[in-house]
Amino acid sequence: MTDSRLVALGNLIGLTFCILNVGCTPQSPPVERDIMRKLLTGFVLPMGELSIMSRPSDCRTDGKTGLAIPLDLFDAFLNANDEHAIAFDLSEFGDRVIPAGDPPRSVYLQVRNPVVAISRAGMTTNDALVCVEVFAQEERAFFVFLRRESAIWDLVGEVVAWEEPEEEDLTEDPEDGY
């Protein structure tokens, strides 16, 4: 064999070893910043003109859920949003980010612009759960699920966590005899 073929063969063997070795190594721990970046660019920012804030939130679950959420992921979410949790720094996402402090509903009433509050991310090795609460004329919240393939986080689903109850229409209806 010529020297160039030996070098090429050595490179091919080395590349094959690297690919096999990388495929067998455990994944690095999840990084919350990567999850938030995907959540904001893929879910929140496309919602339109709104203000964004971070605040720990259990998404009004009181530690329980009837939703089909894996228990270990839900526990990780609750732990990430416990009473000792602090807001996540979202400053890299620009002027739409408002500092945590006032309750989101109060901020909405002051600025008359929808406010989206994002909880801390509950994370397992390859899954993440975040609560996204929307405060506007109508209020609701979503659990957003993300999954990691290799090093890339993808949005895989959302489910309504809570909604503002519909107000009962108490206007008189002539057909009801009022």
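This is a predicted model: local features need pLDDT of at least 70, side-chain atom pairs count only at pLDDT 80 or more; totals for chains, interfaces and linings use all residues.

## Charges over rings

Arg112 lies over the face of Tyr108, at 5.8 Å from the ring centre. A charge sits over a ring here if NZ of Lys or CZ of Arg is within 6 Å of the ring centre and within 35 degrees of the ring normal.

Residues are numbered from 1 along each chain as its sequence is written, and side-chain values use heavy atoms, leaving out hydrogens and water.

## Aromatic pairs

How many aromatic pairs does the structure hold? There are five aromatic pairs. In the case of Phe74 and Phe77, the ring centres are 6.3 Å apart and the planes are at 25 degrees, so this pair is stacked. For these terms, rings of Phe, Tyr and Trp (its six-membered ring) pair if their centres lie within 6.5 Å; planes under 30 degrees apart count as stacked, over 60 as edge-to-face and the rest as tilted.

Phe74 and Phe77 are three residues apart in helix H3 (residues 71–80), and therefore about one helical turn separates them. Helices (H or I, at least four residues) and strands (E, at least two) are DSSP runs, numbered from the N terminus. Phe74 has 4% relative accessibility, so it counts as buried, and Phe77 is buried with a relative accessible area of 0%. Buried means under 20% relative accessible area, exposed over 50%, and partly exposed in between (1.4 Å probe, protein chains only).

Phe77 also forms an edge-to-face aromatic pair with Phe143, at 5.3 Å centre to centre and with 85 degrees between the planes. Because Phe77 lies in helix H3 and Phe143 in strand S5 (residues 139–149), this pair ties together parts that are 66 residues apart in sequence. Like Phe77, Phe143 is buried. Through ring pairs, Phe74, Phe77 and Phe143 are linked into a cluster.

Why can strand S4 (residues 127–135) be called largely enclosed by the rest of the structure? Eight of its nine residues are buried, and that is why.

S4 pairs with several strands, where pairing means that DSSP finds at least two bridges between two strands. With S5, S4 runs antiparallel and is joined by nine bridges; here Ala128 stands opposite Leu146. A hairpin of three connecting residues leads from S4 to S5. Strand S2 (residues 115–118) is also antiparallel to S4, with four bridges between them, and Val116 has Val134 of S4 as its bridge partner.

Strand S3 (residues 122–123) pairs with S4 in the antiparallel sense over two bridges. In this pairing, Met123 has Ala128 as its bridge partner in S4. S3 and S4 form a hairpin with three residues between them. Thr124 is found in the loop between S3 and S4, and at 19% relative accessibility Thr124 counts as buried. Setting aside residues up to four places away in sequence, Thr124 touches Pro30, Asp72 and Leu73; contact means heavy atoms within 4.5 Å.

## A closer look at Val130

Val130 has its place in strand S4. Is Val130 buried or exposed? With a relative accessibility of 0%, Val130 counts as buried. Leaving aside neighbours within four places in sequence, its contacts include Ile35, Leu39, Phe77, Ile118, Phe143 and Leu146. Val130 and Asn81 are 49 residues apart in sequence, and 9.8 Å apart in space from C-alpha to C-alpha.

## The nonpolar cores

The largest nonpolar core has 23 residues, and those with the most contacts inside it are Leu39, Val44, Leu90, Ile118, Val130 and Val132. Such a core is a set of buried Ala, Val, Leu, Ile, Met, Phe, Trp, Tyr and Cys residues joined through side-chain atoms within 4.5 Å. Helix H2 (32–44), S2, S4 and S5 are the elements that give two or more residues to this core. H2 provides the largest share, six residues.

Leu39 touches Val44, Ile118, Val130, Val132, Val144, Leu146 and Leu155, not counting residues up to four places away in sequence. Apart from this core lies another, of 19 residues, among them Met53, Ala141, Phe143 and Trp162.
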